[in-house]
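Subject: Handover of a protein structure

Dear colleague,

Please find below the structure that I am handing over to you. I would ask you to look at it first and then to read the notes that follow.

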Amino acid sequence: DFHMPYTYEIPDLDLAFQGVGLSSAVLDIDVENSIPMDFSAEVQVVDENGEYVEDVRFSIKDNARLKAGTQNSPTMNHMTFVLENNRDEIKLNGLIIKFLANAPSAEYQGIPLNVNQGLHFKNIVLTLPDGISADLNEM
């Protein structure tokens with residue numbers, strides 16, 4: 001199998017306020033793919049110390065994947081990630097979106113991409129549907 005990883009970081013969100021609890025979040029992204037391979041994705045949460053928060057994850061709605069495209073015919077893909085939070089409070093400072101392309105054979109191995117091929121992010125929106133809760137005694 002041929003694997004091609006791609007990482008996109010969203011640093012310094014600065015949602016790490018003391019006494020603020022984040023209970024839900026939805027990340028919507030639109031990605032144009034001009035690479036002739038499908039991609040799976042996962043989102044990791046980064047805390048105020050720059051460390052991964054292992055027990056907080058985003059699930060992918062409808063198991064969406066980035067569909068393969070080409071330079072002449074790129075695909076536009078929408079993905080929705082929903083926060084899975086098992087904590088009372090998240091000190092969210094960044095997100096890392098990891099994409100992984102898999103090919104059942106080595107047919108793409110050794111073939112360079114054109115400089116214009118890649119993943120192009122068109123829209124990235126983080127929504128807090130339940131808002132945030134704050135203990136004003138802690139601020």
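A residue is called buried when its relative accessible area is under 20%, exposed when the value is over 50%, and partly exposed in between, with a 1.4 Å probe and protein chains only. The model is a predicted one, in which local features need pLDDT of at least 70 and side-chain atom pairs count only at pLDDT 80 or more, while totals for chains, interfaces and linings use all residues. Residues are numbered from 1 along each chain as its sequence is written, and side-chain values use heavy atoms, with hydrogens and water left out.

**Overall picture**

The protein has zero helices and nine strands, so named because helices (H or I, at least four residues) and strands (E, at least two) are DSSP runs, numbered from the N terminus. Along the sequence, the pattern reads β-β-β-β-β-β-β-β-β. Of the 139 residues, 37% count as buried. The accessible surface comes to about 8100 Å², and 46% of this belongs to carbon and sulfur atoms; such areas come from the Shrake-Rupley method with a 1.4 Å probe, and for residues only the protein chains shown count as cover. A contact means heavy atoms within 4.5 Å. Among contacts between residues at least 6 apart in sequence, 87% join residues at least 24 apart.

**The nonpolar core**

A nonpolar core is a set of buried Ala, Val, Leu, Ile, Met, Phe, Trp, Tyr and Cys residues joined through side-chain atoms within 4.5 Å. The largest one holds 27 residues, of which Ile29, Phe58, Met79, Phe81 and Phe99 touch the most other members. Two or more residues come from each of β3 (26-33), β4 (39-47), β5 (52-60), β6 (75-85), β7 (92-103) and β8 (119-127). The most come from β7, which gives five.

**Strand β3**

Six of the eight residues of β3 are buried, which leaves the strand mostly covered. Strands β3 and β8 pair in the antiparallel sense over eight bridges; two strands pair if DSSP finds at least two bridges between them. Within this pairing, Ile124 in β8 is the bridge partner of Ile29. Not counting residues up to four places away in sequence, Ile29 touches residues including Met79, Phe81, Phe99 and Phe121.

Which residues does Glu32 touch, not counting those up to four places away in sequence? They are Pro74, Thr75, Met76, Gly118, Leu119, His120 and Lys122. Glu32 lies in β3 and counts as partly exposed, because its relative accessibility is 21%. The C-alpha atoms of Glu32 and Ala68 are 9.6 Å apart in space, although these residues are 36 apart in sequence.

Asn33 also belongs to β3. Is Asn33 buried or exposed? Asn33 is buried, because its relative accessible area is 0%. A polar contact is a pair of N or O atoms within 3.5 Å; within protein, one must be able to donate a hydrogen and the other to accept it, and residues adjacent in sequence count only if both atoms are side-chain atoms. The side chain of Asn33 reaches the backbone nitrogen of Ile35 at 2.8 Å, and a polar atom of this side chain lies 3.1 Å from the backbone oxygen of Met37. Leaving aside neighbours within four places in sequence, Asn33 is in contact with several residues, among them Phe39, Leu66, Ala68, Thr75 and Leu119.

**Aromatic rings**

Rings of Phe, Tyr and Trp (its six-membered ring) pair if their centres lie within 6.5 Å; planes under 30 degrees apart count as stacked, over 60 as edge-to-face and the rest as tilted. The structure holds four aromatic pairs. In one of them, the ring centres of Tyr6 and Phe99 are 6.4 Å apart and the planes stand at 45 degrees, so the pair is tilted. Tyr6 is in strand β1 (residues 2-10) and Phe99 in strand β7, so this pair ties together parts that are 93 residues apart in sequence. Tyr6 is partly exposed, at 32% relative accessible area, whereas Phe99 is buried, at 2%.

The rings of Tyr8 and Phe121 have centres 4.1 Å apart and planes at 25 degrees, so this pair is stacked. Tyr8 lies in β1 and Phe121 in β8, so the pair ties together parts 113 residues apart in sequence. Tyr6, Tyr8, Phe99 and Phe121 form one aromatic cluster.

Yours sincerely
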